[in-house]
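Let's go through some labels for this model and see what stands behind each one. Take a look at it first.

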Amino acid sequence: MQFPRPGKVLRAVLWGVAALGVFWALADWVPGGSAAARLMAFVPSEVLRGQIWRLFTAGLVFPSGPGAVSHLLFMLIGLYFLSPDLETRWGGRRFGTFLGACIVLGYTLALAFTWLPFGGELFHPQVLFGLYAAITGTAVAWSRENANLEVRLFFVIPVKGRHFLWLTIGWCAAAVLFKDASTEGVVAPFGGVLTGLFFGGSPSPIRTAYLNWKLASLRKQHGGLSAQALLQSSPAKRRAGGPPLRVVQGGLDDEPPKREPPRDKRYLN
């Protein structure tokens, strides 16, 4: 079994999560620890009063008590095994932004549910915290990037990426029946799922929509020219530190040109 190698950003995230887990486990004995937790946790009424930072900082607060160790290990293992591939594909900057977006959109969705007549007390308590939205978002994004690749569920069961996607969504749906078992509530993880669906993939649906909008805008400006005509009519812009962009015919399905194997010079006439 080959263990993945985290990049710089993921290493910083793993060490940060581990350090925060230890801190919150000892928060009751640390001066000001409980006050910090109350200031950072997601409280809908406080967010509506302008404390917007809680939408992000709630993901940096972890539970304490008997279940704290298992909760922390689950978060670290999920990030360690699923995130290296995303960091390699996307780069550290996009990967770090993605984790932050999972947290913010997760708790934003939880905030939206509090406005429903039955949303607040039915789906989650009034104080939420935890990193579960980032874990579900990472699992969904990994599944979209690796639909045909297998992952070992619980280190034993082989599951392909396309099936792992639905297992993740099903896990979040099943958690609705046990809403008191999670400090993140049952709505915030679905925010992570939506983030993974919209921002995962190469290209992602968000990126595809942006490119289509950009292409439509350019065609409108140039009288409805085709994409190929637009490329030919406008000079390619040179990127900083790199060659100018150009159109390359073919794709992944094209077979690479065959090369003859090198021959030993001793047998050449």
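Q: How do you know what share of the contacts in the protein joins residues at least 24 apart?
A: Contact here means heavy atoms within 4.5 Å. Among contacts between residues at least 6 apart in sequence, 66% join residues at least 24 apart. Please keep in mind that this is a predicted model, where local features need pLDDT of at least 70, side-chain atom pairs count only at pLDDT 80 or more, and totals for chains, interfaces and linings use all residues. Residues are numbered from 1 along each chain as its sequence is written, and side-chain values use heavy atoms, with hydrogens and water left out.

Q: What makes a stretch count as one of the helices or strands in the protein?
A: Both are DSSP runs, numbered from the N terminus: helices are H or I with at least four residues, strands are E with at least two. By that rule the protein has 12 helices and 2 strands.

Q: Why are H1 and H5 called roughly antiparallel?
A: The axes of helix H1 (residues 8-25) and helix H5 (residues 68-90) cross at roughly 170 degrees and come within 10 Å. Axes are lines fitted to C-alpha atoms, for helices over the stretch in contact, and angles run from 0 to 180 degrees between N-to-C directions. Angles over 145 degrees count as roughly antiparallel, under 35 as roughly parallel, 65 to 115 as roughly perpendicular and the rest as oblique. H1 and H5 are therefore roughly antiparallel.

Q: What makes H8 largely enclosed by the rest of the structure?
A: Buried means under 20% relative accessible area, exposed over 50%, and partly exposed in between, with a 1.4 Å probe and protein chains only. In H8, 13 of the 14 residues are buried, so this helix is largely enclosed. For the 269 residues of the protein, the buried share is 35%.
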